[in-house]
Amino acid sequence: MNGSVHQLKVTLQEVQPTVWRRVHVPSTTTLYGLHAVLQVAMGWEDYHLWSFWIRGREYGPEERSPWGVTLGRLLPEAGATAGYTYDFGDHWQHTVEVEKVHRPAPHTAYPRCSAGRRACPPEDSGGPEGYYDTLKVLRSRKGWRYWELRENGLGKYDPAAFDLDFVNRELSDDPKDCRYQLPAPWSVPATEPTAPTAGQGVDQPQDDPAEDTIPGPVHPLTLATDQAAQAVRDALQAVDVARANLAEALRQEQAATGVSANELAKRMNGAMSRPLVLKALDPNP
């Protein structure tokens with residue numbers, strides 16, 4: 001592998017004991033690719049919106065484009081930092097620090113995770129305060145809330161757990177283990193028009209943010225309150241119908257093939273996350 005590698009320390013804020021990971025990512029990885037690496041390394045499920053804050057600018061699906069800018073360009077040297085927010089409801093905030101920029105080791109695949117401590121909080125647990133409440137309920141092992149958490153698969157949640165080998169399997173290019181459909185997001189090169197051109201190194205920051213901005217809608221959405229409310233109700237109804245159709249299709253596939261729910265979830269890797277498949281197959285959601 002040519003080029004340099006960024007060694008990053010990623011720390012989840014406002015949670016104690018500290019949840020952190022050390023990852024090594026090619027410097028040519030886009031911010032979207034880095035987002036995918038962080039999802040795998042931290043243990044999130046990529047259900048929600050996210051964004052990076054770097055030098056006062058926000059990058060994400062609804063902000064400046066994360067597909068055309070690279071790590072080497074925006075965080076070119078040791079000591080550079082970025083903020084990463086996942087799930088704008090629970091508002092999980094992370095600090096991403098460049099510990100060093102080094103040469104790739106021989107016979108080593110990147111990205112990879114080299115160290116870390118503790119499990120990230122469960123999805124949709126309500127931010128740091130909700131997370132602490134969840135831990136308290138799990139320790140008590142009683143009450144309706146505990147049984148609700150058990151039904152959602154959290155009865156054996158261990159906040160101290162961290163499986164380095166599992167993380168690196170999900171970061172691999174093995175289609176059976178990789179979290180994402182191949183080519184994984186971290187393998188996709190930066191897209192035009194913001195990809196480096198001849199004579200422009202990926203490690204040279206650019207100061208013009210205009211090319212990184214996703215254009216907004218040409219015609220702003222202007223709806224009266226009652227129309228907006230009806231639009232939301234219609235959208236939610238459509239989501240419910242789609243969810244029911246999805247669950248039925250998955251159950252039919254399971255009945256036709258005889259595979260277990262876990263095996264079917266593995267086959268759906270890339271199209272849907274495993275928790276969503278298992279939830280759709282649950283006869284008593």
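Strands β5 and β6 form a hairpin with five residues between them, and D87 in the turn has a positive phi of about 70°. Helices (H or I, at least four residues) and strands (E, at least two) are DSSP runs, numbered from the N terminus. This is a predicted model, in which local features need pLDDT of at least 70, side-chain atom pairs count only at pLDDT 80 or more, and totals for chains, interfaces and linings use all residues. Residues are numbered from 1 along each chain as its sequence is written, and side-chain values use heavy atoms, with hydrogens and water left out.

**Strand pairing**

- Strand β5 (residues 81–86) and β6 run antiparallel and are joined by six bridges; two strands pair if DSSP finds at least two bridges between them.
- Within this pairing, Y84 has H94 in β6 as its bridge partner.
- Strand β6 (residues 92–102) also pairs with β1 (residues 5–12) in the antiparallel sense, over eight bridges, and V5 stands opposite H102 in β6.
- Three bridges link strand β3 (residues 50–54) to β4 in the antiparallel sense, with Y59 in β4 as the bridge partner of F52.

**Sheet and helix**

- An open sheet of seven strands has the order β4-β3-β5-β6-β1-β2-β7, with antiparallel pairing.
- Its edge strands, β4 (57–59) and β7 (112–117), each pair on one side only.
- From one strand to the next, the twist averages 25°.
- Helix α1 (residues 31–42) lies across β1, β2 (20–26), β3, β4, β5 and β6, and runs at about 115° to β3. Axes are lines fitted to C-alpha atoms, for helices over the stretch in contact, and angles run from 0 to 180 degrees between N-to-C directions.

**H35 in the helix**

- H35 belongs to helix α1 and counts as buried because its relative accessibility is 1%. Buried means under 20% relative accessible area, exposed over 50%, and partly exposed in between (1.4 Å probe, protein chains only).
- Leaving aside residues up to four places away in sequence, H35 touches D46, W50, F52 and Y84, where contact means heavy atoms within 4.5 Å.
- The C-alpha atoms of H35 and Y84 are separated by 8.4 Å, and the two residues are 49 residues apart along the chain.

**H94 in the sheet**

- H94 lies in strand β6 and, at 3% relative accessibility, counts as buried.
- The side chains of H94 and W44 are joined by a polar contact of 3.1 Å. Such a contact is a pair of N or O atoms within 3.5 Å; within protein, one must be able to donate a hydrogen and the other to accept it, and residues adjacent in sequence count only if both atoms are side-chain atoms.
- Residues touched by H94, not counting those up to four places away in sequence, include V10, L12, M42, W44 and Y84.
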